[in-house]
Protein chains: 2
Amino acid sequence: MFKKICIIGTGAIGGYYGARLAAAGNEVHFLFHSDYEHVKTHGLKVESVRGDIELKKVNAYKSAAEMPKCDLVIVGLKAVKNDILKTILPLVTADDGQVLTLQNGLGADDEIAKIVGADRVLGGLCFICSNKVGPGFIKHLDYGKITLGEYATDFGAKGITPRLKALSDLLTEAGIENEVLGDLLLGRWRKLMWNIPYNGMSVVLNATTAEMVADKTLRPLFRSLMAEVQKGAAAFGREIPDAFAEAMIEMTDKMTPYMTSMMLDYRAGREMEVEAICGEPLRLAASRGVHLPYLDMLYRELTHLNLSRKSL
Amino acid sequence: MFKKICIIGTGAIGGYYGARLAAAGNEVHFLFHSDYEHVKTHGLKVESVRGDIELKKVNAYKSAAEMPKCDLVIVGLKAVKNDILKTILPLVTADDGQVLTLQNGLGADDEIAKIVGADRVLGGLCFICSNKVGPGFIKHLDYGKITLGEYATDFGAKGITPRLKALSDLLTEAGIENEVLGDLLLGRWRKLMWNIPYNGMSVVLNATTAEMVADKTLRPLFRSLMAEVQKGAAAFGREIPDAFAEAMIEMTDKMTPYMTSMMLDYRAGREMEVEAICGEPLRLAASRGVHLPYLDMLYRELTHLNLSRKSL
């Protein structure tokens with residue numbers, strides 16, 4: 001079913017999963033930006049806690065127009081670059097091909113559905129700690145599981161379809177831990193339960209997770225932000241129980257000090273995924289008449305910091 | 001009525017007003033901390049847009065126990081140091097003396113009332129731009145008006161009393177612009193309409209007023225915070241009209257770039273007046289069943305930054 005696979009955005013996420021799929025014997029085509037020349041000569045390297053990979057000969061491209069049409073298009077770009085998908089996806093997606101987006105937050109599935117049609121979109125949530133540390137060189141530090149689901153129009157849930165099962169099998173055979181969800185949107189809101197409070201506040205307060213959980217003043221704020229995520233999800237008929245919030249707080253209390261992805265972006269002067277993680281959830285909730293003041297404030301703070309980050 | 005005056009906290013505020021009162025011929029006694037030795041030898045100097053002052057011989061003290069009992073005690077400390085008033089005020093306040101607190105935010109009047117009795121507390125709101133730039137050396141850059149009111153128990157309003165008029169006359173004679181209010185609490189909440197959004201957010205975003213007003217994303221956030229100040233005031237029967245909020249936003253849009261007092265404190269590693277400006281208004285509103293989410297978030301952010309400021 002997924003004979004030809006391509007990776008759009010060969011970075012920390014796309015590079016890692018693409019390399020695993022290629023190492024397992026799949027035909028994988030990789031789109032590169034600045035790393036193209038390096039990879040053509042030296043190949044793609046992954047140093048991973050689950051076993052290193054070195055791909056000496058890589059199907060590397062610097063333009064989507066040169067790529068073959070693929071049965072599975074995996075989008076590993078940062079959500080802030082999704083504008084270019086309008087041009088790329090029609091070039092690389094086979095007529096009956098599927099697009100799997102591995103992006104954070106809300107909004108990407110809908111954008112992609114508008115380009116390739118709603119019945120061809122799959123979503124994946126990555127729980128992984130990996131970084132691109134050099135050209136064509138990815139370090140995978142921990143975790144790696146992907147949670148998969150089918151995109152559904154009108155905020156519905158499509159259940160577990162045969163192609164979702166097929167995708168899950170493909171990943172499993174390549175040694176990629178995964179789980180299938182009958183309700184992608186619920187999965188996305190659940191992931192926001194962590195990303196909104198901890199990812200977002202770490203930038204505003206310039207603090208690691210460990211520094212934040214050590215300050216008991218912040219705990220009610222995290223809980224208030226989570227309560228708003230629960231309200232946002234509820235506006236779309238998804239229930240996230242209080243116990244889930246409490247468990248997330250406890251889990252973070254015990255985490256080793258961690259610099260969140262948004263903070264890494266902020267410190268490196270890269271644009272943060274503020275719209276996908278805060279803006280879109282805020283607007284979606286508002287579209288159902290639900291006002292979320294804590295998230296509104298966080299969104300405006302992060303938007304300001306996104307604009308002013310270059311002066312750091 | 002106010003024959004002997006003393007200044008508790010001879011810094012940017014207490015030093016400026018105290019020096020003006022002394023220069024006008026009043027008997028003024030100043031309590032110093034680290035500047036005592038310098039002032040004993042070199043006097044107190046004020047460089048001011050309203051005319052410089054040099055007091056060669058100053059009634060300077062380093063301990064409240066050595067000071068005479070005064071008819072008017074002016075408190076110019078930062079609100080974060082109010083703990084020491086329990087010891088100081090009984091030592092320096094004459095039996096029928098009054099205490100005037102020139103502090104920001106809410107809570108100080110009540111604290112002082114508990115020490116000297118509610119009928120002896122006067123409040124002043126300073127609209128002034130002044131800094132202590134060296135030992136015994138104050139620079140007064142702009143403005144200078146004090147708005148005066150009588151403290152009233154149970155959040156009431158006492159109107160304009162004879163002693164308030166007398167205090168106003170004393171200040172006027174010393175060249176200090178002032179205005180008397182019949183309702184001190186209303187004046188305090190009105191001042192918070194600016195201090196909460198602009199002073200508070202400038203620290204969180206590490207931005208001057210000019211940088212903040214240039215970002216249109218922040219305008220609705222300032223308005224939301226002001227709406228909460230209006231709600232807090234309304235919980236105590238004080239109406240602040242929307243037009244006041246709009247006027248404050250417009251005024252700030254046109255201000256010359258300004259580093260707020262809280263940001264100056266933050267950058268200098270000094271404790272910020274978070275409790276007086278955010279914590280106390282938040283708690284007072286909550287005591288009347290009014291939850292203010294934007295202010296709650298700002299309060300927790302600033303509390304965290306207050307704790308972590310030493311690491312800068």
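This is a predicted model: local features need pLDDT of at least 70, side-chain atom pairs count only at pLDDT 80 or more; totals for chains, interfaces and linings use all residues.
Modeller: Residues are numbered from 1 along each chain as its sequence is written, chains are lettered from A, and side-chain values use heavy atoms, without hydrogens and water.

Biologist: What makes a residue part of the contact between chain A and chain B?

Modeller: Contact means heavy atoms within 4.5 Å. Chain A gives 23 residues and chain B gives 23 residues.

Biologist: How many salt bridges are there between chain A and chain B?

Modeller: The count is 0. A salt bridge needs a side-chain nitrogen of Lys or Arg within 4 Å of a carboxyl oxygen of Asp or Glu.

Biologist: Which helix gives the most to the side of chain A that touches chain B?

Modeller: α12(A), with 11 residues. Helices are DSSP runs (H or I, at least four residues), numbered from the N terminus.

Biologist: Where does S202(A) lie?

Modeller: In helix α6 of chain A.

Biologist: Why is S202(A) called buried?

Modeller: Buried means under 20% relative accessible area (1.4 Å probe, protein chains only). S202(A) has 0%, so S202(A) is buried.

Biologist: What is S202(A) in contact with, leaving aside its neighbours within four places in sequence?

Modeller: A207(A), M212(A), T260(A) and M263(A).

Terms used. Helices (H or I, at least four residues) and strands (E, at least two) are DSSP runs, numbered from the N terminus. Buried means under 20% relative accessible area, exposed over 50%, partly exposed in between (1.4 Å probe, protein chains only).
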